[in-house]
Amino acid sequence: MNDRYRQILEKYRTLSEELAAGAIAGDSPRYAGAMKEYADLAPVAEAIRTLQKLERDLAEAHALLEDPAEELRALARDEIYNIEKQQEETEQKLRLLLLPKDKNSDKNVIVEIRGGTGGEEGALFAATLQRMYTMYCERKHWQTETLFLNETERGGIKEIGFLVRGRGAWDALRFESGVHRVQRVPETESQGRIHTSAATVAVLPEAEEVDVALDPADLQIDTFRAGGAGGQHVNKTESAIRITHLPTGIVAECQDERSQYKNKDKALRILRARLLQAEQEKQAQKIAGERKAQVGSGDRSQRIRTYNYPQGRVTDHRINLTLYRLTAVLDGELDELIDALREADTAKKLAEGE
């Protein structure tokens, strides 16, 4: 067993003893971090112990190869084959467990959808995508909260941003960033011709105040009257908020709430997320140079998926996967697509030795 595995087992044992003995108090700043580290190390420690046992079993099986009885030697050869196969599988599992964790894994997610090419049809497709992701979140028991919404008169969505709270939300939804294309016959098309439209999806990790420090001097905060449907409230009070981050020019606005304070709070959350994404993309480009990730890229110019209504199919172009279950996918059954993207992403990281 290599030194790295020994160090992991020792760390796990020490944490286990400290937590069991109450050496780290429940109200201590260290407690939450220690519990998370313990939970993360548990499957790794289990896999290493499995490898230790397999090594002992293998040594015993090799010893049987010296037995004078041919029957026992034959059994030993079969046992060695099975043990070596289990070792290979366990080592592969360990490699996966020891891959660097995504630094955004524990964060909530902000999903932004905008109608793209196709005018009203693009806006209607954006609404379809919003429904798809909302249903997917419901299946996962994740909470959603609308941050901003700009609808069209026919029920389409020019743009929407919503927050997703739930364990595993980032790890799943991060693959959805990009251009989503739809091929279908619009309701307004009298001759039954198929039109191609698109919508863009951006998935951002929600940034905490500790992630992005905002200097008030760098913020230009403007108030304006909310627009769109809203009854008597609309255009009577300047409750809508637009915040511009002057050093970068990044803008966030919110007009969904009647309270100016609540709109400002939501706009700040959106701004922090956009600033965090911009900084992480800058760091990634610096590290990776011109190399662009083929899976999970946040590049909105990349066409990642096509939804073809006449053929009832969904095609993810990054991994060349086509499913003929369009209705189910649009009803939020995204697991098959997302699992395949995760596997491709993991295989790529293992191949690169990350």
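Strand 7 (residues 240-245) and strand 8 are joined by five bridges in the antiparallel sense, where strands (E, at least two residues) and helices (H or I, at least four) are DSSP runs numbered from the N terminus, and two strands pair if DSSP finds at least two bridges between them. Within this pairing, H245 stands opposite I250 of strand 8. The model is a predicted one, in which local features need pLDDT of at least 70 and side-chain atom pairs count only at pLDDT 80 or more, while totals for chains, interfaces and linings use all residues. Residues are numbered from 1 along each chain as its sequence is written, and side-chain values use heavy atoms, with hydrogens and water left out.

The open sheet is built of three strands in the order 6-7-8, with antiparallel pairing. Its edges are strand 6 (219-224) and strand 8 (250-254), each of which pairs on one side only.

The structure holds zero disulfides, a disulfide being a pair of cysteine sulfur atoms within 2.5 Å. C137 is buried at a relative accessible area of 1%, where buried means under 20%, exposed over 50% and partly exposed in between (1.4 Å probe, protein chains only). C254 likewise counts as buried, at 1% relative accessibility.

On the surface, L64, L72 and L75 form a nonpolar patch with about 240 Å² of accessible area together; such patches consist of residues with over 30% relative accessible area and no salt bridge, nonpolar side chains (Val, Leu, Ile, Met, Phe, Trp, Tyr) being joined within 5 Å and like charges within 9 Å. A salt bridge is a side-chain nitrogen of Lys or Arg within 4 Å of a carboxyl oxygen of Asp or Glu.

Key. Areas by Shrake-Rupley, 256 points an atom, 1.4 Å probe, with all protein chains shown as cover.
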